[in-house]
Amino acid sequence: MSQDRERSNILKKAEARAIQFLCAHMPRWVYPDLLTAIGFSGSLVICAGLWLAKHRDRYFLLLSIFGLAVHWFGDSLDGRLAYYRKTPRKWYGWALDINVDWTSACFIGLGFYFYLATFKIVAFVFVVAYGGSMIVALLRYRITEKYTIDTFMFGPTELRILLATVLLVEIYRPDTLLQFGFVGSLILVLINLADSYKVLKLADQRDRNQQTAK
């Protein structure tokens, strides 16, 4: 498995065991890029489920929950399978992962936009805030050479589970998704601001260290 990504999320041990099991039993014809495509298709399913829930029936939100599971499957296993089979392409995989993650976030945000009856700007703020968190992660990686995708004990897997729970509640209690989107986006913006400040301090310290070394 890849050792260059620091994890601090609550489910990291259980998730690692699940990924190890799935990699060991994955058919040979399944290759990492195919898993990336499967993960991306999950974001399209999420978007479609939200659109159908808005224009047909709220029970189509179950389709979006299924899409979250598909997204986790592909997104979590593509790089891990390459390392498991000892065929990693570190920089290609990393670049592909970043591009697909951003595109997936845009489609999921578009699904939110379709579904929300009011305050559609929440969907826009969500996409912008998520993009901001990706930029901060890349800046931190460039400065510290350590790539982290978790915030404290909360990572993408926990976020998917939380979102799936919110979608399930939304079926029976409308506007739950709107409330979650508003609060979640606000929290993400605040975290981005705090992380940006920390990254700037790390960058300043690295500059000082390099100047001292000269």
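**Helix H4 and its contacts**

Modeller: Helix H4 has 26 residues and reaches 37 Å from its first C-alpha to its last, close to the 38 Å expected at 1.5 Å a residue. Please bear in mind that this is a predicted model.

Biologist: Which residues of H4 are buried?

Modeller: The buried residues of H4 are Asp97, Ile98, Val100, Asp101, Ser104, Ala105, Ile108, Gly109, Gly111, Phe112 and Tyr115.

Biologist: Let us turn to the rings. How many aromatic pairs does the structure hold?

Modeller: There are nine aromatic pairs. In one of them, the ring centres of Phe40 and Phe107 are 5.8 Å apart and the planes stand at 80°, so the pair is edge-to-face.

Biologist: Which parts does the pair of Phe40 and Phe107 tie together?

Modeller: Phe40 lies in helix H2 (residues 32–55) and Phe107 in helix H4 (residues 90–115), so the contact joins parts that are 67 residues apart in sequence. Phe40 counts as partly exposed at 25% relative accessibility, and Phe107 counts as partly exposed at 29%.

Biologist: What about Phe112 and Phe126?

Modeller: Their ring centres are 5.3 Å apart with the planes at 65°, so Phe112 and Phe126 are edge-to-face. Phe112 is in helix H4 and Phe126 in helix H5 (residues 121–144), so this pair ties together parts that are 14 residues apart in sequence.

Biologist: Are Phe112 and Phe126 buried or exposed?

Modeller: Both Phe112 and Phe126 are buried.

Biologist: Which residues do ring pairs link into a cluster?

Modeller: That cluster consists of Trp91, Trp94, Tyr141 and Tyr147.

Biologist: And charges over rings: where does the charged end of Lys120 sit?

Modeller: The charged end of Lys120 is over the ring of Tyr113, 4.8 Å from its centre. Arg89, in turn, lies over the face of Tyr92, at 4.0 Å from the ring centre.

Biologist: Which side chain does Arg89 meet in a salt bridge?

Modeller: Arg89 meets the side chain of Asp33, at 3.5 Å from N to O. Asp33 lies in helix H2 and Arg89 in the loop between helix H3 (61–84) and H4, so the bridge ties together parts that are 56 residues apart in sequence. Asp33 is partly exposed at 27% relative accessibility, and Arg89 is partly exposed with a relative accessible area of 48%.

Biologist: How many salt bridges are there in the count?

Modeller: The count comes to four salt bridges. Among them, Arg160 and Asp75 meet at 2.8 Å, N to O. Arg160 belongs to helix H6 (residues 156–172) and Asp75 to helix H3, so the parts they tie together are 85 residues apart in sequence. Arg160 counts as buried, at 11% relative accessibility.

Biologist: Where do Arg208 and Asp204 lie?

Modeller: Both are in helix H7, four residues apart, about one turn of the helix. An α-helix has 3.6 residues a turn, so residues three or four places apart point the same way.

Biologist: A last topic, the surface. Which residues make the nonpolar surface patch?

Modeller: The patch covers about 1,200 Å², and its residues include Phe119, Phe124, Phe182, Leu186, Val189 and Leu193. The elements that give two or more residues to the patch are H5 and helix H7 (176–213).

Biologist: Where does the largest share come from?

Modeller: It comes from H7, with seven residues. Val189 is placed in helix H7 and counts as partly exposed at 31% relative accessibility.

Terms used
Residues numbered from 1 in each chain as written. Predicted model: local features only at pLDDT ≥ 70, side-chain atom pairs only at ≥ 80, totals over all residues. Heavy atoms only, no water. Phe/Tyr/Trp six-rings, centres within 6.5 Å; stacked < 30°, edge-to-face > 60°. Buried < 20%, exposed > 50% of the residue type's maximum accessible area, 1.4 Å probe, protein only. Lys NZ or Arg CZ within 6 Å of the ring centre and 35° of its normal. Expected span 1.5 Å × (residues − 1). Patch = residues over 30% accessible without salt bridge, like charges linked within 9 Å, V, L, I, M, F, W, Y side chains within 5 Å. Areas by Shrake-Rupley, 256 points an atom, 1.4 Å probe, with all protein chains shown as cover.
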